[in-house]
Amino acid sequence: MNKKFSILILSLIILLLFASTTINSADSNSSNLKTIKVDNVSFTLPQQYQSGNLTNNSYVIGNVFEFGILSLGDKRNLGSNLIDELYYSNLNSYEYADIDGHYAFVTNSYKNSVKHNVTCIFFNTGDKMYLLSYNGNNLTPAIEGYS
């Protein structure tokens, strides 16, 4: 997997977040896009996701349960984050998703601390593991249709 995949998966997730709303042509204008680097991998964000705080290993808007891109580094960090998600949260569902020929592990759980559902997508690009999380529900057919 490469940097193009990370951009693709983020773009697909953004589509998921707004599947129930109409995105006007100004939002799809490339001049409204911003590129950030999380652990030296580039992600392109539409205007509505450009208000986050960027560190070397994360990009977060509000808190990770609202919107976040986190570099998990290696498989060890992936394992501990997956264990937390699968065993220590109020898990609603989980699935493997094939997004443009690449596998991602998707969970949806209720977070007591913020009192809403959070979707987490675990994926890798190159030799790095990532977690993309957001306030919302699982992948929709709109996303799966791109796979």
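How many residues lie between S4 and S5 in their hairpin, and which glycine in the turn has a positive phi? Five residues separate the two strands, and the glycine is glycine 62, with a phi of about 75°. The structure is a predicted model. The chain contains four helices and nine strands, and 41% of its 147 residues count as buried. This briefing begins with the overall order of the elements and then turns to strand pairing, the nonpolar cores, the aromatic rings and the charged side chains.

**Overall order**

- Read from the N terminus, the elements follow the order α-α-β-β-β-β-β-α-β-β-β-β-α.

- Strands S1 and S2 run antiparallel and are joined by five bridges.
- Within this pairing, threonine 35 has threonine 44 in S2 as its bridge partner.
- The two strands form a hairpin with two residues between them, and aspartate 39 in the turn has a positive phi of about 55°.

**Strand S4 and its two neighbours**

- Strand S4 covers residues 58–61.
- Strand S3, residues 53–54, pairs with S4 in the antiparallel sense over two bridges, and the two form a hairpin with three residues between them.
- Asparagine 53 belongs to strand S3, and its bridge partner in S4 is valine 60.
- Strand S5, residues 67–73, also pairs with S4 in the antiparallel sense, here over four bridges.
- Asparagine 53, by contrast, is exposed, because its relative accessible area of 57% is over the 50% cut-off.
- Asparagine 53 and asparagine 63 are 10 residues apart in sequence, and their C-alpha atoms are 9.6 Å apart in space.

**The nonpolar cores**

- In soluble globular proteins, nonpolar side chains tend to be buried together.
- The largest nonpolar core of this model has 18 residues, of which Phe43, Tyr59, Phe67 and Ile69 touch the most other members.
- The elements that each give two or more residues to this core are S1 (34–38), S2 (41–45), S4, S5, S7 (102–111), S8 (116–125) and S9 (128–135).
- Another core, of 11 residues, lies apart from the largest one, and its members include Leu70, Leu72, Cys120 and Met129.

**Aromatic rings**

- Five aromatic pairs are found in a search of the whole structure.
- In one of them, the ring centres of phenylalanine 43 and tyrosine 130 are 5.4 Å apart and the planes stand at 65°, so the pair is edge-to-face.
- This pair links distant parts of the chain, since phenylalanine 43 is in strand S2 and tyrosine 130 is in strand S9, 87 residues apart.
- Both phenylalanine 43 and tyrosine 130 are buried.
- Phe43, Phe123 and Tyr130 are linked into a cluster by ring pairs.

- Side chains of opposite charge can pair when their charged atoms come close.
- Lysine 111 lies in strand S7 and glutamate 85 in helix H3 (residues 75–87), so the pair ties together parts that are 26 residues apart in sequence.
- Lysine 111 has a relative accessible area of 10% and is buried; glutamate 85, at 5%, also counts as buried.

**Charged side chains: a buried lysine without a salt bridge**

- Lysine 128 is placed in strand S9.
- Although lysine 128 is buried, it has no salt bridge, and the nearest side chain of opposite charge is that of aspartate 39, 4.2 Å away.
- The distance of 4.2 Å does not qualify as a salt bridge, because the atoms must lie within 4 Å.
- The side chain of lysine 128 does reach the backbone oxygen of aspartate 39, at 3.1 Å.
- Aspartate 39 is also the residue with a positive phi in the turn between S1 and S2.

Note on methods
Residues numbered from 1 in each chain as written. Predicted model: local features only at pLDDT ≥ 70, side-chain atom pairs only at ≥ 80, totals over all residues. Heavy atoms only, no water. Buried < 20%, exposed > 50% of the residue type's maximum accessible area, 1.4 Å probe, protein only. Pairing = 2+ DSSP bridges. Core = buried A, V, L, I, M, F, W, Y, C linked by side-chain atoms within 4.5 Å. Phe/Tyr/Trp six-rings, centres within 6.5 Å; stacked < 30°, edge-to-face > 60°. Lys, Arg positive; Asp, Glu negative; His and termini not counted. Polar contact = N/O pair within 3.5 Å; in protein donor to acceptor, adjacent residues only side chain to side chain.
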